Structures are given as C-alpha cells and as structure tokens.
Amino acid sequence: MDHMLEQPEYPFGTQGGENPTVRPISRKDLLAAWFAGAVDGEGCFHARWGTQTNPNRGTGSDDKRLRVSLTIDNTHHLFIRKVTECLLALDVRFNTPANAARPNQRRRAMIQVVIEGKGKLFKLLPAIIPHLANKRRQAELCLDLIRYRESIATEGRDKRQRFQNMDLRSDPKIAWYIAEIKREKWEIPNILSFSRKPNTLFGESSETLRPPASSEA
C-alpha cells in the first residue's frame, strides 16, 4: 500500500497567520521527486542508433534500431542504493554495471544505473518530469520521441501484427528529436556569465531560459 503523507503547501506558515493548506503526498511521489533531483544532478539522457547499453545483452549491431536510455553515475554506494530504491518503488527495471568506470590513482570506482528501453522510460518519465529542472526539456523530448516512434510502429504493422521493413533512420522527425536532445545537453550558457550576488536567485529560470522547441519548426 502506498502510504500518504500530509504536506503543507506553505511549510513555514503565511504572513497573515492563517492555516496553511494541507495536501497529501504519496511515498511514490516523494521518491519520484528525489529521483528527479538525482537525474538533474547525475543523470544523462541518450537517444542513438544501434549501440546498446544493457550489459546483459551485449552490444547491438543493428543500426536501424532506435535506443533511448537514461543513465545515472556515482561513486557513493548510498546514493546508488537510494536510486535503486526509487526505481523499485516506481516499478521500473534497471541494470547496474560494475565496470562503468575503472578506478585509478585519481579516480574512484563508479557505478552506473541504466534504464534502457522505450517501455521502461515511458513508465518512468511522466512520474519525474514535473519535478525536473535543468533536464526537464531533455526528458520531455525523450518521451515525445518514444510516443512518436510507437505511433509509426503501430502504423507499420500489417494485418498479422508483424512489422514491415521500416527504415527509421531516414525519418526526419526522429532525426530532429535525436539532434534536439543533444542540443539541449550541450548548448547551454556559460555558468560564469551570470551574476553571483549573495542571497539572490542565480541565473535564469528553466521555464524562461529558451522557448519550447518544436519538431514542426
């Protein structure tokens, strides 16, 4: 049973002294919010052709296969433990490769949590997107890409529910999604270009940094 916690809308009260509004928050919502913070800080979204991240299946060789994934890397076992607790509570399957990064004299061993597959991300992303900040747009693009990929897959089935030969690499909309996800990851302002006055909000809001992109543009 998913336990419900009471959470005030205004945890520090209000200026007028009136009672704060109380609304219930489920344990899954709290874990989804924590997981979103982990993704914002340590996560990376991927959309690519062919190469498979899942170590239990080997490396994919079919470059016509679209792969969408989310990885979270960290060197602390308690952080990775919490990430896996969240995923289990959200009923999302994952892998934890032990060889994500080999330790050396200057670098500690690192574990990578891998969520790969359109079905897994289709379940996970709607739960965490409302809580994301800097990686929210990437997550939204991944979700839209998955929805679009499934829509054309449905149209590509024949009467026996088998897929026709579809060359997805030539689809301009899929190419746009992949390029836009990469752009959102790398084309960001220089962190030092913002004012650093004490006790002042830093930088720009994730809601106003740039207008939402559109594949129709």
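Visitor: Before we start, what does buried mean here?
Guide: Buried means under 20% relative accessible area. Keep in mind that this is a predicted model.

Visitor: OK, S26. Buried or exposed?
Guide: S26 counts as buried, because its relative accessibility is 7%, and the cut-off is under 20%.

Visitor: Which strand is S26 in?
Guide: Strand β2, which covers residues 22-26.

Visitor: And what lies 3.1 Å from a polar atom of the S26 side chain?
Guide: The backbone nitrogen of D29.

Visitor: Switching to α1. How many residues does it have?
Guide: Helix α1 has 16 residues. From first C-alpha to last it reaches 22 Å. That is close to the 22 Å expected at 1.5 Å a residue.

Visitor: Which residues of α1 are buried?
Guide: L31, A32, F35, A36, A38, V39 and D40.

Visitor: What do those buried residues pack against?
Guide: Strands β3, β4 and β5, plus helices α2 and α3.

Visitor: Tell me about α3. At what angle do α1 and α3 pack?
Guide: About 100°, with the axes 9 Å apart. That angle falls within 65 to 115 degrees, so α1 is roughly perpendicular to α3.

Visitor: Which residues make the contact?
Guide: From α1, A32, F35, A36 and V39. From α3, L124, A127 and I128.

Visitor: How many of them are nonpolar, polar or charged?
Guide: The contact of α1 with α3 has 7 nonpolar residues, no polar ones and no charged ones.

Visitor: Why do residues three or four places apart in a helix point the same way?
Guide: Because an α-helix has 3.6 residues a turn.

Note on methods
Residues numbered from 1 in each chain as written. Predicted model: local features only at pLDDT ≥ 70, side-chain atom pairs only at ≥ 80, totals over all residues. Heavy atoms only, no water. Helix = DSSP H or I, 4+ residues; strand = E, 2+ residues; numbered from the N terminus. Buried < 20%, exposed > 50% of the residue type's maximum accessible area, 1.4 Å probe, protein only. Polar contact = N/O pair within 3.5 Å; in protein donor to acceptor, adjacent residues only side chain to side chain. Axes fitted to C-alpha atoms, helices over the stretch in contact; angles between N-to-C directions. Parallel < 35°, antiparallel > 145°, perpendicular 65-115°, else oblique. Contact = heavy atoms within 4.5 Å. Nonpolar A, V, L, I, M, F, W, Y, C, P; charged D, E, K, R; others polar. Expected span 1.5 Å × (residues − 1).
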